[in-house]
Amino acid sequence: MAPSGTPPTGAPKEADASPLTLAFLEKRESLLLFLAARTRSMAAAEDLVQELYLKVAAVGPETDVRAPAPLLYRMAANLLIDQVRSAQRDGRRNAEWRKETQITLGGEDIVAEPPADEQLIAKDRARQLADAVEALPPQMGRAFRLHKLEGRSQQETADLMKISRKMVEQHIAAAIRHLTQRLRS
Amino acid sequence: MIDAAAWVARLDAPDFSEDDALAFDAWLAAAPINAAAYRRTLALWHEFAAAAGQVREELADRAEEANRVARPAFGQPRRRGVLFAGAAAAVAAALVVVVALPPTAPPEATHQTFATARGQHQHVTLADGSVIDLNAETRLTATMSGSQRRITLAEGEAVFDVTSDKTRPFTVATGQGEVRVVGTQFDVKSRDGELTVTVARGKVAVRSASADPSAEPVFLTPGMQLSLGGGRPEEAVAHVDPQATFAWREGRLVYRDQPLTTVVADLNRQFPEQIAIGDPNLDKIRITGVIVLDNPQAVTSRLALMLPIRAISSERGLLLLKK
């Protein structure tokens, strides 16, 4: 087992911690990495894992938890679902939407702002990333663009490409492999 | 085997289950390198999330740039706002670099020379990610700078798998001519004053060293093979199966109606032990087929099954005689 991350501030001492809390502390890093696949940054994943901790701590010590790991991951998955819902609420994550979506406020058109966590990266790096995306084989590249760059879900990407959802997942995995190899420096 | 990339894609999928989550937990716990690899993959994943808008704009700009220069011929002013769809855009992307070469001097060029001896192949990855496979008895120099990627192929044959970089054209220069590309895969063979260029993917422009510099280069698309020099008055273009030309990388030689002399010359590059044709009547025998390059004895005994020849060992190596 990989060493767990730093316990969140205010973590109870092991003596008075519930078994679920202890399991959480032990699996904190794994849970963080699990959540991070669905978040847009490690910082966002850290926020979620902190939120998870609060929920875990709220589970009373009297609750009988026979299998803490499945429960912890289930709770983490629920957090992700909540997060997806909130993302859909302010869902204008991609440049296409930024360009094309206009919101009317008080009779005046305003252009939606980019998500706050979409920071500017160096132009050179953006070019490198674009180069790497361009170098992907066509189908793989299309799946990656639709899903990761245009913010469509795997299912929406599958529908647009007229392929199965599972195939999209495989394209994305292969694309990540290509990109990691190419951009490693 | 599920790796870090597969896990990111799986956990990002809408139907991931509790079983997936527990399998992921077990995978992380199995070895510390798993978590490390996963973190590296996540870093890129998050970088793309943060840069999605910028990368999209960069890609959109490129597509527009490609469309913009699709129409004009060489030297004519570009027209803005002309949009072409699909295949035309892809072709134009290859054209852009050929047209719009930045003439600036390279700031700090690096030079690397690679050479293979008889019987050797070499697989080289350049700093830009382009890959070169050198066939036997090949010598080339790679010059990489901020403005260009230039290969000088002194002698021999190589397959180039070029990464796309519109700001830095990729050029292969030989004594007989120059090959210029964007992102593509092709084979260049320059032996005995003869140049052969075979394209598997993308588009390349070939300009003969003897041609008027203002003349248009010859453009090759996948499946086309250009031959230059070797006594030809001008370049000849044929349609071939590129994979046959590329087969040497996998230890195979593919021939379609080639004379035995050519085959023997190729084999002699692949093995230290030399093969000689001991009977001039054999020179003109023509061969169609695939030769697997394991060792000269096996190759010649297989040749003997295909052709009316026999091989005997001599001081000079293997001698091919009429059966």
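Analyst: We will go through salt bridges, then a residue in a strand, and then some backbone angles. This is a predicted model, in which local features need pLDDT of at least 70 and side-chain atom pairs count only at pLDDT 80 or more, while totals for chains, interfaces and linings use all residues. Residues are numbered from 1 along each chain as its sequence is written, chains are lettered from A and ligands numbered from 1 in the order in which they are written, and side-chain values use heavy atoms, with hydrogens and water left out.

User: OK, how many salt bridges does the structure hold over all chains?

Analyst: Over all chains there are 28 salt bridges, where the term means a side-chain nitrogen of Lys or Arg within 4 Å of a carboxyl oxygen of Asp or Glu.

User: Which side chain does B:Glu18 meet in a salt bridge?

Analyst: B:Glu18 pairs with A:Arg74, at 2.7 Å from N to O. This pair crosses between chains, since B:Glu18 belongs to helix α2 (residues 18-30) of chain B and A:Arg74 to helix α4 (residues 68-89) of chain A; helices here are DSSP runs of H or I with at least four residues, strands are runs of E with at least two, and both are numbered from the N terminus.

User: And is A:Arg74 buried, exposed or partly exposed?

Analyst: A:Arg74 is partly exposed, with a relative accessible area of 39%, and B:Glu18 is also partly exposed, at 32%. Buried means under 20% relative accessible area, exposed means over 50%, and partly exposed lies in between, using a 1.4 Å probe and protein chains only.

User: What about B:Arg62, what does it form a salt bridge with?

Analyst: B:Arg62 forms one with B:Glu58, and their closest N and O atoms are 3.1 Å apart. Both residues lie in helix α3 (residues 32-68) of chain B, 4 residues apart, which is about one turn of the helix. B:Arg62 counts as buried at 7% relative accessibility, and B:Glu58 counts as buried at 6%.

User: Where do B:Glu178 and B:Arg150 lie?

Analyst: B:Glu178 lies in strand β7 (residues 177-181) and B:Arg150 in strand β5 (residues 149-161) of chain B, so their pair ties together parts that are 28 residues apart in sequence. The closest N and O atoms of this salt bridge are 3.2 Å apart.

User: Which residues are linked in a network of salt bridges?

Analyst: The network links A:Arg165, A:Lys166, A:Glu169, B:Arg10, B:Asp15 and B:Asp20.

User: New topic: is B:Leu140 buried or exposed?

Analyst: B:Leu140, which is found in strand β4 of chain B, counts as buried at 1% relative accessibility. Leaving out residues up to four places away in sequence, B:Leu140 touches residues including B:Phe114, B:Ile132, B:Leu153 and B:Phe160, where contact means heavy atoms within 4.5 Å. From B:Leu140 to B:Leu153 there are 13 residues in sequence, while their C-alpha atoms are 4.4 Å apart in space.

User: Last one, where is A:Lys162 found?

Analyst: A:Lys162 is in the loop between α8 (154-161) and α9 (165-183) of chain A. A:Lys162 has a positive phi of about 55° although it is not a glycine, and this residue is exposed, with a relative accessible area of 74%. B:Glu137 also has a positive phi, of about 50°, without being a glycine, and its place is the loop between β3 (131-134) and β4 (139-144) of chain B.
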